[in-house]
Amino acid sequence: MTAPTLQRCDACGHELPERDARTSCPACGGLLSLVHAPPAARGAALRALFDERLADAAPAHVADAAGAARASGVWRFRELIAPGVSDAEIVSQPEGNTPLFHRPSVAAWAGVDALLLKHDGFNPTGSFKDRGMTVALTQARRAGARAVACASTGNTSAALAAYASLAGLPGLVLVPGAQQVALGKLAQTLGYGARTLLVRGDFDDCLRLVREGAERLGVYLVNSINPYRIEGQKSVALEILQQLRWDAPDWIVLPAGNLGNTSAVGAALRDAVRLGLIDRAPRVASVQAAGANPFALGFREGFASPRRVKAETVATAIKIGDPASWDRAASVIREFGGVVTEADDAAILEAKAAIDAAGIGCEPASAASVAGVRRLVREGVIRPGERVAAILTGHVLKDPGVLLDYHRAGRDAPLVNAPVEIDATLDGLARAIDAVAS
Ligand code: F0G
């Protein structure tokens with residue numbers, strides 16, 4: 001292989017050059033994956049290269065493209081993500097380098113001692129999507145795209161809008177209308193300047209429409225079927241491994257909707273084992289919302305054939321009934337001794353309340369991962385002594401509507417913290433203080 005990267009169809013093996021802007025196989029319509037030339041270093045030498053860059057990622061470096069690339073938790077792993085890209089080509093905020101929290105109260109709620117929360121809501125637009133979008137917009141410019149487009153439940157659109165602005169390219173997003181997108185996400189998308197189309201339909205309609213239209217209308221599609229998105233999203237798993245000094249956890253647990261992130265985490269683990277970064281792979285658990293659970297249904301049937309449902313859940317980010325990356329994600333679950341489970345809306349909201357009350361917070365879909373851990377512990381699939389890394393995919397401020405509704409006065413649910421109205425008097429204040437501090 002002469003070029004450092006080529007694109008290969010998952011289904012029929014057809015190959016395309018690295019800069020080809022199509023995001024599905026022209027021969028059979030299958031999804032494309034990137035294949036990179038193996039890095040020069042492996043094992044301890046490759047770990048040392050990544051660790052050295054981590055030590056060098058001071059914010060003072062961010063003033064130019066090369067500095068942003070150095071400070072990014074995505075581009076630190078560039079040999080595994082996009083080895084042919086030069087510093088000057090990179091479109092980066094920077095992103096990644098998100099914290100890995102241990103919060104005993106959340107661990108106790110979930111029923112496992114060593115629960116680590118990888119908080120990707122600490123990315124620049126507040127979700128893990130920035131990891132894929134830095135690579136997708138870098139590639140959009142390399143491929144000479146005239147505009148970029150996506151369908152979204154809100155986070156991809158916010159990330160697209162921000163990175164398209166950074167890249168100087170027009171961005172177009174298709175999101176489900178009728179208030180199906182959380183307020184923070186819609187606000188970001190508009191604010192960052194993407195053309196926002198409110199589609200009369202759900203996310204599955206938006207994705208079908210943009211897939212049909214993008215190639216025909218000459219815009220570059222940056223949904224997670226775009227292989228460059230997947231490459232960038234691999235970095236969340238690589239960061240977890242690096243933060244644990246390359247001593248892999250027993251489990252990585254994450255919420256699942258369109259299944260791009262499950263595919264990406266699996267692809268990263270594949271690389272990490274193949275290149276000797278770790279000597280044993282974690283198991284992967286994907287968690288769906290009970291009302292948007294086609295992949296969980298498929299898992300119970302041995303993934304005999306793709307399932308579709310009409311999705312309904314409070315976790316609007318994963319309100320997806322017909323996931324695009326089914327085959328890839330199914331391979332990941334099979335390969336990493338994985339499981340797929342589901343959490344109902346009440347469990348998702350309770351997990352979210354526990355995570356919020358621990359002082360870090362997350363959006364509803366993200367809490368599905370912790371709700372999933374609790375269920376898997378209760379079912380005996382995860383043992384309480386195992387070390388579990390759960391990915392929190394989005395920031396607490398993404399969905400203030402669901403949060404405020406949960407904490408409204410009179411609601412009967414765990415950890416409700418309704419606001420208290422008082423008279424503007426010292427007496428009123430004294431009574432309020434007596435009620436919280438004894
Ligand atoms: N968590 C959050 C916060 C998300 O926004 C998404 C997906 C997921 C989990 C699921 O990841 O689709 O790769 O399985 N959001 C997409 C969007 C669909 O448009 O923002 P997945």
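Me: Leaving aside neighbours within four places in sequence, what is V265 in contact with?
Reply: V265 is in contact with V236, A237, I252, L254, V284 and I391. Contact means heavy atoms within 4.5 Å. This is a predicted model: local features need pLDDT of at least 70, side-chain atom pairs count only at pLDDT 80 or more, and totals for chains, interfaces and linings use all residues. Residues are numbered from 1 along each chain as its sequence is written, and side-chain values use heavy atoms, with hydrogens and water left out.

Me: Which residues have the most contacts inside the largest nonpolar core?
Reply: They are L137, V148, L160, V265 and F295, in a core of 69 residues. A nonpolar core is a set of buried Ala, Val, Leu, Ile, Met, Phe, Trp, Tyr and Cys residues joined through side-chain atoms within 4.5 Å. Buried means under 20% relative accessible area, exposed over 50%, partly exposed in between (1.4 Å probe, protein chains only).

Me: Which helix gives the most to this core?
Reply: Helix α6 does, with 7 residues. Helices (H or I, at least four residues) and strands (E, at least two) are DSSP runs, numbered from the N terminus. There is also a second, separate core of 40 residues, which includes A317, C362, V373 and L392.

Me: How do β6 and β7 pair?
Reply: In the parallel sense, over 4 bridges. Two strands pair if DSSP finds at least two bridges between them. The bridge partner of A151 is L174 in β7. β6 also pairs with β9 (residues 220-221), again parallel, over 2 bridges. There A149 stands opposite L221.

Me: Which way do the β6 residues point?
Reply: V148 and C150 point one way, A149 and A151 the other, and all are buried. In a regular strand the side chains alternate between the two faces of the sheet.

Me: New topic. What order do the strands of the open sheet come in?
Reply: The 6 strands run β4-β5-β13-β10-β11-β12, with mixed pairing. The edge strands are β4 (100-102) and β12 (339-343). The twist averages 25° from one strand to the next. Axes are lines fitted to C-alpha atoms, for helices over the stretch in contact, and angles run from 0 to 180 degrees between N-to-C directions.

Me: Which helix lies across β13?
Reply: Helix α14 (residues 364-378), running at about 155° to β13. α14 also lies across β5, β10, β11 and β12.
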